[in-house]
2 protein chains.
Amino acid sequence: MFHVMCKGSGMIHINMCTMLGFITTDVNITKELLTKALKSAVNDTFNMVSVDGDTSTNDSVIVLANGMAENDLIDKEDENYEKFRYALYKVCKALAKKIAGDGEGATKLFEVMVVNAKSKEDAVTLSKSIVSSNLTKCAIYGNDANWGRVVCAMGYSGVEFDLNKLDVYFESESGKIKIVEKGVATDYSEEEATKILDNKAVSVICDLNEGEGMATAWGCDLTHEYISINADYRS
Amino acid sequence: MFHVMCKGSGMIHINMCTMLGFITTDVNITKELLTKALKSAVNDTFNMVSVDGDTSTNDSVIVLANGMAENDLIDKEDENYEKFRYALYKVCKALAKKIAGDGEGATKLFEVMVVNAKSKEDAVTLSKSIVSSNLTKCAIYGNDANWGRVVCAMGYSGVEFDLNKLDVYFESESGKIKIVEKGVATDYSEEEATKILDNKAVSVICDLNEGEGMATAWGCDLTHEYISINADYRS
């Protein structure tokens, strides 16, 4: 069982920043493996969240375990450790998504999945670049499946990839649509794309078809309300 | 004499991007020195402009010289070359500032001057970090002398500096005000600061008091109108 608390809405960028997370669990585990499980979980979750690209201090995620579950002590990387690690990852992921979706002024959670990149490192760089792009975030706010902005943010990320192999999809509760195939816009329905984007949580999936590197980043849209919160607070 | 044309408003970031500049002059100069003068001028001007951090292709500044001024050919780096180089720099600087101030949705030009850093490289990195900060740009929009956001952007730039030596000023046509002295907020008048910021062109000056490195970057504020331009264009 986990208990969690999390705080943060603005000044959030890759590697947390102005975000606090507290997780407690009653599992019986050694300090070393608890730390290892947390680091593993945080790298793929909290460290992949960007709200506005600005950062500050206070970036911390803390996990505490009191052992009251009275399970056999987890002291090696066996099946039980793996189960715990995965559960902790799921908790961190759920919190990271909440932090992103609750971003200052945000109207929606924006999930960026980069799959089949040459390496995980490439996928991480690409996903961070897309999720941090002001222009892309404005398009998401405007319910526009603006694949040009997505591909553009991939282009200036510095990662080399073959545009002619790239497929791009948008997905939400309302469905999934392929908007780019092998680097070229498909004949997609703009009406359908807008319907898919008009949701509280929207994903873009960039499939590079080059390797097995995967990464997911979470952010939010860039809205009039973000400007109001951060410009008009004195009036 | 120079003739100039320049184009660009959004998707502009350090090293131009989606910006075109054409400069013609009737000076008589060798191709090598013309190129050298342009590169020197561009590095400190067009390459120091950021509108929204997004980038694309088309980033070009072109200079043409037809020799019709019939001056003695400039073929070495003498006094005449230096005069031409400085004139070209002034032209590029004026254009770069126009590009920045005309940024999408901008209500004002935001100039960031970093002085007395340990090196020019440090000053460049610091000024780019401040001018690209969404939060700082929102504060400039809101006429708020939010030195915390400025110093924060310096902090996350990766440059090491001694906060206890840092002075920060805001300046515009309406005056100049010191808001941070040796890393601590001064007892400045918020009313006066707001008056200074409520101008079409606002500068922040960060004096690190550590060396002789200097750099200036130009950008603009981040406004409701930027969001409207980039989110609502389909409605």
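Two residues count as in contact here when their C-beta atoms, placed from the backbone, lie within 7 Å. Keep that cut-off in mind for the first stop, in chain B, where B:L135, B:T136 and B:A139 of α4(B) meet B:R149, B:V150 and B:A153 of α5(B). By class, that contact has four nonpolar residues, one polar and one charged. One caution before going on: this is a predicted model.

Let's stay with that helix pair for a moment. Two packed helices are described by the angle between their axes and the distance between the axes. For α4(B) and α5(B), which covers residues 147-155 of chain B, the axes are 9 Å apart and the angle is about 160°. The two helices are therefore roughly antiparallel to each other, and their crossing is left-handed.

The buried residues include B:K137, along with B:N134 and B:T136.

Helix α3 of chain B runs over residues 120-131, and B:V131 belongs to it. Is B:V131 buried or exposed? Its C-beta has 29 others within 10 Å, and 20 or more is enough to call a residue buried, so B:V131 is buried. Leaving aside residues up to four places away in sequence, B:V131 touches B:S50, B:F110, B:V112, B:A217, B:W218 and B:G219.

Over to chain A, starting with its overall layout. Chain A is divided into domain 1, residues 2-101, and domain 2, residues 109-231. Taken over C-alpha atoms, the centres of these two domains of chain A are 26 Å apart. Where they meet, ten residues of domain 1 of chain A are in contact with eleven residues of domain 2 of chain A. On the domain 1 side, those residues divide into six nonpolar, three polar and one charged.

Inside chain A there is another helix pair to look at. Helix α3(A), residues 120-132, and helix α5(A), residues 147-155, have axes that come within 8 Å and cross at roughly 130°. That angle is why the two count as oblique to each other. The crossing of α3(A) with α5(A) is right-handed. On α3(A), the contact uses A:L126, A:S129 and A:I130, while α5(A) brings A:V150, A:A153 and A:M154. In all, this contact has five nonpolar residues, one polar and no charged ones.

Most residues other than glycine have a negative phi. A:E70 is not a glycine, but its phi is positive, about 60°. You'll find A:E70 in the loop between β3 (60-65) and α2 (79-101) of chain A. With 9 other C-beta atoms within 10 Å, A:E70 is exposed. A:N209 also isn't a glycine, and its phi is positive too, near 50°. This one is in the loop between β8 (201-207) and β9 (213-220) of chain A. A:N209 is partly exposed, with 14 other C-beta atoms within 10 Å.

Finally, how do the two chains come together? Here 25 residues of chain A are in contact with 24 residues of chain B. On the chain A side, α4 (134-141) and α7 (224-231) each supply at least two residues. Which helix gives the largest share of that side? The answer is α4(A), with five residues. By class, the side of chain A that touches chain B has eleven nonpolar, nine polar and five charged residues.

The axes of α4(A) and α7(B), residues 224-231 of chain B, come within 8 Å and cross at roughly 70°. That makes α4(A) roughly perpendicular to α7(B), and the crossing is right-handed. From α4(A), A:L135, A:C138, A:A139 and A:Y141 meet B:I227, B:N230 and B:A231 of α7(B). Six of the residues in this contact are nonpolar and one is polar, with no charged residues.

Key
Residues numbered from 1 in each chain as written. Chains lettered and ligands numbered in written order. Predicted model: local features only at pLDDT ≥ 70, side-chain atom pairs only at ≥ 80, totals over all residues. Domains from an automatic or database assignment. Nonpolar A, V, L, I, M, F, W, Y, C, P; charged D, E, K, R; others polar. Axes fitted to C-alpha atoms, helices over the stretch in contact; angles between N-to-C directions. Helix = DSSP H or I, 4+ residues; strand = E, 2+ residues; numbered from the N terminus. Parallel < 35°, antiparallel > 145°, perpendicular 65-115°, else oblique. Left-handed = near helix turned anticlockwise from the far one by under 90°. Buried ≥ 20, exposed ≤ 12 C-beta atoms within 10 Å, placed from the backbone.
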